Amino acid sequence: MKLISKPRPLAGQTVLITGASSGMGRALAQRLSSHGCPVAILDHNTEGLEKTAASLSGPVLTRTIDVRDRAALDDFAGAVGEWAPAPLGAVFNNAGVFLAAPFGEQSAADHDWLMDINLLGVVNGTRAFLPLLTAQGSGALVNTSSMYGLAAMEYHTAYCASKYAVRGFTDALRHELAGTGVRAVNVHPGYVSTAIVDNGRLQDPFGRSLAEVADEFRAAAPTTPERAAELIHRGVDAGKARVLVGPDARIFDVVTRLTPSHYNTVLGRLERLMELRGRRRG
Ligand SMILES: NC(=O)c1ccc[n+]([C@@H]2O[C@H](COP(=O)([O-])OP(=O)(O)OC[C@H]3O[C@@H](n4cnc5c(N)ncnc54)[C@H](O)[C@@H]3O)[C@@H](O)[C@H]2O)c1
């Protein structure tokens with residue numbers, strides 16, 4: 001019988017997090033730092049990154065980088081390798097952006113902007129930091145997909161394409177890395193109350209402004225960034241290949257498996273039912 005050993009817990013190991021100036025990236029940095037992890041963080045938003053760094057009590061290395069910039073990521077990988085006070089436990093390719101628009105009204109520039117960050121940013125981060133993990137023969141590459149990488153939704157063509165692609169990329173890498181000691185993990189968050197919509201781009205088919213959609217999104221999101229960070233941390237420690245974050249992600253996962261062709265109708269009905277219940281309670 002082949003025994004599968006549990007991975008080494010992240011506590012005390014160095015971690016690398018992209019998109020750490022806000023939301024789940026910041027919450028992951030704070031949680032893992034409080035568990036004794038030296039934290040290397042990057043983001044294109046310097047001010048937010050510095051705020052995250054100031055909120056950590058343990059060792060931290062920061063660098064302002066746009067994940068579309070391959071050379072800058074490669075350079076930072078060298079710096080992280082030299083700085084890391086402990087083995088590298090995980091690389092979190094978390095940075096991402098949001099875009100919603102009917103396909104016909106979406107500019108090619110907006111589509112490319114999202115794909116370059118959400119998909120190529122993850123590929124660039126993997127290319128830069130994976131060699132640090134493979135050289136050690138241990139650690140986890142943790143790429144953030146979405147529940148929109150499990151089920152595709154209208155008006156989210158680019159976002160879903162990027163998150164399905166991250167899922168495929170990460171799954172393929174997991175198979176390729178078998179036997180190396182390095183694991184590739186997909187994270188599928190449901191709605192998490194972060195600034196993702198505020199920082200995104202929108203042409204709403206119902207005429208709402210970005211601020212209105214962002215407020216509605218945050219009010220409806222069942223999971224806080226702190227809870228998301230806890231679930232991701234626990235999932236990686238448990239050796240999971242994919243981490244579902246939040247009750248909505250779990251529902252998406254079940255419904256897409258039960259009805260791969262009609263999940264959109266079922267999920268729409270469930271959503272209306274929950275809205276109705278909410279109104280009755282309210
Ligand atoms: N919030 C949700 O409901 C939700 C659901 C599913 C998946 N996700 C994914 O989770 C990840 C984290 O998002 P979040 O919800 O914490 O949003 P957020 O906007 O709070 O955080 C995203 C971070 O990525 C950074 N970023 C954006 N573009 C960048 C670039 N080009 N280079 C470097 N950094 C960049 C932002 O500055 C920010 O710090 C994203 O990949 C997102 O797509 C979020």
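Asp-110 and Arg-201 form a salt bridge, with their closest N and O atoms 2.7 Å apart. By salt bridge I mean a side-chain nitrogen of Lys or Arg within 4 Å of a carboxyl oxygen of Asp or Glu. Asp-110 lies in helix α4 (residues 108-118) and Arg-201 in strand β8 (residues 201-202), so the pair ties together parts that are 91 residues apart in sequence. Helices (H or I, at least four residues) and strands (E, at least two) are DSSP runs, numbered from the N terminus.

Before I continue, a word on the source. This is a predicted model, in which local features need pLDDT of at least 70 and side-chain atom pairs count only at pLDDT 80 or more, while totals for chains, interfaces and linings use all residues. Residues are numbered from 1 along each chain as its sequence is written, and side-chain values use heavy atoms, with hydrogens and water left out.

How many salt bridges does a search of the whole structure find? The search finds 12.

Let me turn to two pairs within helices. Arg-174 forms a salt bridge with Asp-171, and the closest N and O atoms are 2.7 Å apart. Both residues belong to helix α6 (residues 157-176), and because they are 3 residues apart, about one helical turn separates them. Asp-171 is partly exposed, with 24% relative accessibility.

In helix α7 (residues 210-220), Arg-218 and Asp-215 are likewise 3 residues apart, about one helical turn. Their side chains meet in a salt bridge at 3.3 Å, N to O. Arg-218 is partly exposed, with a relative accessible area of 28%. Through salt bridges with shared partners, Asp-198, Asp-215 and Arg-218 are joined into one network.

Finally, the surface. Ile-251, Val-266, Leu-270 and Leu-273 form a nonpolar patch there, with about 270 Å² of accessible area together. Patches are made of residues with over 30% relative accessible area and no salt bridge; like charges are joined within 9 Å, and nonpolar side chains (Val, Leu, Ile, Met, Phe, Trp, Tyr) within 5 Å. Accessible areas come from the Shrake-Rupley method with a 1.4 Å probe, and for residues only the protein chains shown count as cover. Which element gives the most to this nonpolar patch? Helix α10 (residues 263-281) does, with 3 residues. Val-266 is found in helix α10 and counts as partly exposed, at 32% relative accessibility.

Notes. Buried < 20%, exposed > 50% of the residue type's maximum accessible area, 1.4 Å probe, protein only.
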